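Let's take a walk through this structure together. Please have the sequence and the model open as you read.

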Amino acid sequence: MGNENSNTHVANATGKPLRIYYHVEKMRLNELVVEGGAEIGGSVSDSGASLSGKISSNVKSVFKPDSRVRYIRLPANDCCKFSGEGKLFVSVFVEDNHNEKACVHTISENFHIPSDRSFIVTANHNIKFQKYDAGPWIDDEGNDHRPTNHSCQDQSPDL
């Protein structure tokens, strides 16, 4: 903790904007987002035959504006460095393309990132550790997650 020379980076290969909350201890989901949504349902019976239906609004979870947990907003196909922290727990969410205050999908809650390890959020929403000295888009197994239109420099973040 307090290691200002931390080399923890993240690469976003999802093609969507992400919001990544991070802390040195585990976080509670209710510290980060407020669940949203509404549902109306019903059924009609006519001479023994029944019909039913359900209407669901497309309201998403909303990020808490008063959360004290630090986060970064990471555009699609980009990467960045975390502040020097040592080990981290990260909770990763996909932001709505049209409303940065709304969360459309939760990728992870409290995923443990060891000190000085970097990671990739892949196109299919997995989290993979980056391979040392291979650049921000290459995972430990040697798979290249580099998007075709990335804006991140291909320098090795890990030593």
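Is Tyr71 buried, partly exposed or exposed? At 39% relative accessibility, Tyr71 counts as partly exposed; buried means under 20% relative accessible area, exposed over 50%, and partly exposed in between, with a 1.4 Å probe and protein chains only. Before going on, please keep in mind that this is a predicted model, in which local features need pLDDT of at least 70 and side-chain atom pairs count only at pLDDT 80 or more, while totals for chains, interfaces and linings use all residues. Residues are numbered from 1 along each chain as its sequence is written, and side-chain values use heavy atoms, with hydrogens and water left out.

As for the overall fold, the protein has 0 helices and 12 strands (DSSP runs numbered from the N terminus: H or I of at least four residues for helices, E of at least two for strands). Of its 159 residues, 40% count as buried.

Tyr71 brings us to the aromatic rings. The whole structure holds 7 aromatic pairs, meaning rings of Phe, Tyr and Trp (its six-membered ring) with centres within 6.5 Å; planes under 30 degrees apart count as stacked, over 60 as edge-to-face and the rest as tilted. In one of them, the ring centres of Tyr21 and Tyr71 are 5.2 Å apart and the planes stand at 50°, so the pair is tilted. This pair links distant parts of the chain, with Tyr21 in strand β2 and Tyr71 in strand β7 (residues 70–74), 50 residues apart. Tyr21 is buried, at a relative accessible area of 0%. Ring pairs also bring Phe63 and Phe93 into a cluster with Tyr21 and Tyr71.

Now look at Arg19, which also lies in strand β2 (residues 18–23). Arg19 lies over the face of Phe63, 4.0 Å from the ring centre, and over the face of Tyr71, at 4.6 Å; such a placement requires NZ of Lys or CZ of Arg within 6 Å of the ring centre and within 35 degrees of the ring normal. With 6% relative accessibility, Arg19 counts as buried. Its side chain reaches the backbone oxygen of Glu100 at 2.8 Å.

Elsewhere, the rings of Phe82 and Phe119 have centres 6.0 Å apart and planes at 25°, so they are stacked. Phe82 lies in the loop between β8 (79–81) and β9 (88–95) and Phe119 in strand β11 (residues 119–121), so this pair ties together parts 37 residues apart in sequence. Phe82 counts as buried at 2% relative accessibility, and Phe119 counts as buried at 0%.

Technical notes
A polar contact is a pair of N or O atoms within 3.5 Å; within protein, one must be able to donate a hydrogen and the other to accept it, and residues adjacent in sequence count only if both atoms are side-chain atoms.
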